[in-house]
Every structure is written in C-alpha cells, then in structure tokens.
Protein chains: 2
Amino acid sequence: MAETNSQRIRLGLVGIGKIARDQHLPALAADTRFELAATASRNAQLDNVPGYPDVAAMIAGHDLDAVSLCTPPDGRYEQAVTAIDAGLHVMLEKPPATTLTEIAALADRARAKGVVLFTTWHSREAAGVEPAKAWLQGKQIQAVRITWREDIRRWHPGQEWILAAGGFGVFDPGINALSIATKILPDPLLLLSGWMEVPEGRGSPLAAELKMRSGNAKVDVVFDFLQTGPQTWDIEIDTDAGTLRLGMGGSILQLPGDDEQKAPDREYPRLYARFAELVAAGESDVDIRPLQIVADAFMMAERRTTARFEF
Amino acid sequence: MAETNSQRIRLGLVGIGKIARDQHLPALAADTRFELAATASRNAQLDNVPGYPDVAAMIAGHDLDAVSLCTPPDGRYEQAVTAIDAGLHVMLEKPPATTLTEIAALADRARAKGVVLFTTWHSREAAGVEPAKAWLQGKQIQAVRITWREDIRRWHPGQEWILAAGGFGVFDPGINALSIATKILPDPLLLLSGWMEVPEGRGSPLAAELKMRSGNAKVDVVFDFLQTGPQTWDIEIDTDAGTLRLGMGGSILQLPGDDEQKAPDREYPRLYARFAELVAAGESDVDIRPLQIVADAFMMAERRTTARFEF
C-alpha cells in the first residue's frame, strides 16, 4: 500500500525504451521527491536498480508507492490494473490507453481503490503553454490554426504499428497539438467535419484535416505525416489583441509585438513534479479530452484511400 | 427557470417526426407528471398544442421547465445548449449527440447551470433488461454473444445519411445492443479487436464484428445491416448457472430452464418516468458508455471496403 507522507515516493518504472532513457530517467534523477526503486522490462535493465521482467514481478519483489508506465499504449491497461489493484499510484505516458473505455475503467478502478491516476500529456508542459494560456485569459478568441507537419520516416522509422488499425497514424503526433489546444482554449473543441487519408493496405491515416469550433472561434487543424524539410508544430490564435503563436510544439511563444520567448525543455520534470503534488494531495488527474477528439474524428471524418506507403 | 416542485413539468417537445408520434407523445399523454406545453418543429405542429419553428422561439414564447429533444443527432447539441442556457432541464434521444466531446460539453454546461441532463437509451428500458440484470447479480459470467442483424432497407428506407461519414451505419441500431450490454454486465466492455465493412463510396459500415471482453468473459459482437428474412436482436450470456437469452432487443427474456418471458413495450413511459424522477431529485444521468464503445471501434477496428450498396 502507498504510504508516502514525508517519505520519498518509491517509484517503479515500467518500460525502458527510448522515452524512458531520454526523458523519464533524467527527470526522476533530478527530483528528490522520488526514489527510483525498481524497473520492469522484458529486455532491459538499469545498473544499480533492481530489475524485474514485468509489473507483477516488480510489485511482488519490491515495496513501492507508485509506478510510471512508459511502455507502448497497447498492453498498458493490464499493467495499470495490476498496479492499481496492488494499491499503487499510477502515472501514464500519452496516450493513456488504446481506447476511451480503458481509460474510464482505470479511472473508476483508481477511485474505488483510493489511489492516484495521472494521465500525462507531455506537450502541455512545454515552456510556452502556461504563459499562452495565461495571456489568452479575458481575450476574445477569433480563430485558431493548428498545423502539425512532420516526417514519419524521420521520427518513426520502421514503426509499422503506427499505421496499423489502432495505431492512430498522424494522430499519434497530432494528439500532442490537441492536448495543448484543450489546455489553453477556454471552450470545448467541437468537431464539425473532417477528412483523413489512409494509404492503401494500411489502417491509420498519414494526413487529416479537421474543421472544429471552440466557442465562436473557427479552429482549423492540419495534420501531415509526410513533411520533409522544415518540420512544423505550430498553433496560431487570432484574438482581439492580436495573434499569439506557439511554435515547435509549444516550446516557443510569440505574443503580438513581442520577440519570441524560448525556454529549455522541462516537460518531464514538470510532469513528475505534478505527479508528486497529486500523490501528496491524494488527487487524480484524468483528462481524456485529447483522445476524445481523436475518437470524434475517427467516427465522423470522411476517409479517403491514397497511394501505398512504405517506410 | 425551472420551478417544478409539486407542479406538473411543463415540457417542450422538439422534433415531431416518427419517433415523437409513435413513442414520445403517447408516453407523455399517459404521464400525469408532465404537461406537453409546446412543440418546436420546422414543418410540423400538433392540434391544441402551441407550435414554434425552433427551440429558441419556443422558449421565448412559452414558460417551460424542460425540453425533450427527438430531432436527429446532428444539430441536437445547439438545441440542447439553447435550452440549458435558458435554465431548462433536457432529455436527449439516443445517441445523445454526434460526438463524445459534445456530450461532455453538455454535461459540463448543465452542471454549471444547475439543470438536469438525461441521456436516454431506450433499449435499456425494454421489459427483459432489468430482470436480466437482476438475475446476473452474483453469477459468474463466462461468455457473451451479441447478434444484431436487421435489414437496413426495411428499417431505414432511403436514409442515405446513415451510411455517410458520421452516420454510424450499422452502429446506429448496434448502439442499442451496447446500451443494454453496458447496463447489465458488471464489468466494462473492453475492445480487443474488430473489423467493419464499408461499401465503396460510403462513409459508414454495413457490417461489423467486435471482439471484446468484460471481466474474464469473452464478448463477441456481430452487427449486420443486410439481414433479410427473420431479424435478430439477441444477447446471450453464458453463466455458471446456465445461459440467459435476451431476444427481440431486450423485450423477451429466457432464463435457463424457464419459458420465455414477454411483456408489453413500455420503453418510453419508463424513460419519462425516470426523467420526472431525475427532475424531482435535481440529478443528471449522463452515460456515454455506449457511444464510447462505438468510438473505440471506429478508432481501432480494421476497415474493409466492400461492394457498392444502393437502397
């Protein structure tokens, strides 16, 4: 059972892939509120940290307060159930699960068990996002343009699963944009129409456009997975006080008449700081809105078949 | 503003189509807790009831406590917003809206305004559903088979919209099965895999199969929109005490070793009775689980293109 009080949070890290090594481990090493107590991974292990082959073995072998899951979304539901049922707090990489029903079920289960569930959306912690939200307060939002164009071959080389049914396709990066938009816009993002392009023989789209609205503002979304050359992860918001621009996935903020503001990447340190706060307060943070918009798009958007695509 | 107390609930009915005439009007006429005070419809009107062209005009022209929306789902969101903002309680036909984000937004808005929102799922009120749920209590559920086979040409003649993107296709009737299953099964319905068949040139499926699980029970779902001859709306549930069968959309219940139990259709009288209770208690009932499973399927199921279909 979780007994945190003034103690450090004994954390078990599940999944030791690229995102764990690049982001989770440095963030944990720098945060004195956490003790990296154990890891679970089928094929990897860290020096000086007890390693187990899976979540159940890790929980059985080691006293923990919480787990952080950075395995791929497929399978994460079962791992989270195992942890919750053992009375541990759970932090989930994005997207929190493969279906909306899984997230709702995890939230119910965590509530019943009295543990904290935290569905993280790392892009929301990019340096420009909080200041952008603060600046928008009280402004009249007139139009929003979200443009997420990146090269699948550069960022997801050989990841066939991302274009399979259930892999989300271009919505895998696109959900980062939606996580920022749902955080900074005061009104819900309602889908009006859209299309997606799925290559022949694949199950998920390489491109999509969504027409949405938020309050009275038109929201135009362009997702493109075939962008070579300069990559674009931009959100522009026209207001009665001029246009705000969030560039590079939220890390650059440009307010009307100002220079660009840049700050070092602190997404994962901020996520773990928030998790520590949630654990201390005994509060969950389960926000399904970004995935809900993806689901809305898959239900409602027109689907076109395009030419075959090979990595 | 809604002032109900011991008074009858002054209800405005929005949309005077087939479902309104067949179901809503008789149910309202038989329920003394309601007074059908006004209607809103672009093209129809009732004798002896004040008629208005739309919700806003109806609300402006008449003192009401609540509205019941039985217009098609597309457009219902705006009508519900108008009613909620005017301080009226709202009852929604199924599916409650076209997207999950719309339902979540309506629920938030109703909560902020202090009015009741009721997302109805009429099949849940079929005669056999409550007794089935009661019988399943404490039984071990081993397997579930959901078979919904009907003839689109017979039940939806010429309704091209149902096969357009956003029309849900065979999930339009199928969601009735999912509304029953989510009511009577104790554990959430988790999608494992699935496929859907979409005719060339159309946006929504004519057939689908879903492999799900609920607790440890396998749940197999077959939806078919091309069933001529006998029509099937069956749910079979294998338990440690034998197999329960719900037939004809929930109206026939067969328990192991028993004769079939049939009762007259009281779906809509029960829905309005429930709405009256919710209004009296000041409580909302917003259940998105059936539509959430549809969304899960559209995100995750493999999509196959089949031969052209004409009505």
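Colleague: How many residue pairs are in polar contact between chain A and chain B?

Modeller: Eight residue pairs, both residues at pLDDT 80 or more. A polar contact here is a pair of N or O atoms within 3.5 Å; within protein, one must be able to donate a hydrogen and the other to accept it, and residues adjacent in sequence count only if both atoms are side-chain atoms.

Colleague: Which element of chain A gives the most to the side that touches chain B?

Modeller: That's α9(A), with nine residues. Helices (H or I, at least four residues) and strands (E, at least two) are DSSP runs, numbered from the N terminus.

Colleague: And by class, what's on that side of chain A?

Modeller: 19 nonpolar, five polar and six charged residues. Ala, Val, Leu, Ile, Met, Phe, Trp, Tyr, Cys and Pro count as nonpolar, Asp, Glu, Lys and Arg as charged, and the others, Gly among them, as polar.

Colleague: Where do these numbers come from?

Modeller: It's a predicted model: local features need pLDDT of at least 70, side-chain atom pairs count only at pLDDT 80 or more, and totals for chains, interfaces and linings use all residues. Residues are numbered from 1 along each chain as its sequence is written, chains are lettered from A and ligands numbered from 1 in the order in which they are written, and side-chain values use heavy atoms, leaving out hydrogens and water.

Colleague: OK, how many salt bridges are there across chain A and chain B?

Modeller: Two, by the rule of a side-chain nitrogen of Lys or Arg within 4 Å of a carboxyl oxygen of Asp or Glu. Among them, Glu78(A) pairs with Arg213(B), with the closest N and O atoms 2.3 Å apart.

Colleague: What area is buried between the two chains?

Modeller: About 2,400 Å², with 63% from carbon and sulfur atoms. Buried area is the accessible area (1.4 Å probe) that two parts lose on being put together, summed over both.

Colleague: Switching topic: what domains does chain A have?

Modeller: Domain 1 (9-119) and domain 2 (124-262 + 295-306), with bounds from an automatic or database domain assignment. Their C-alpha centres lie 28 Å apart.
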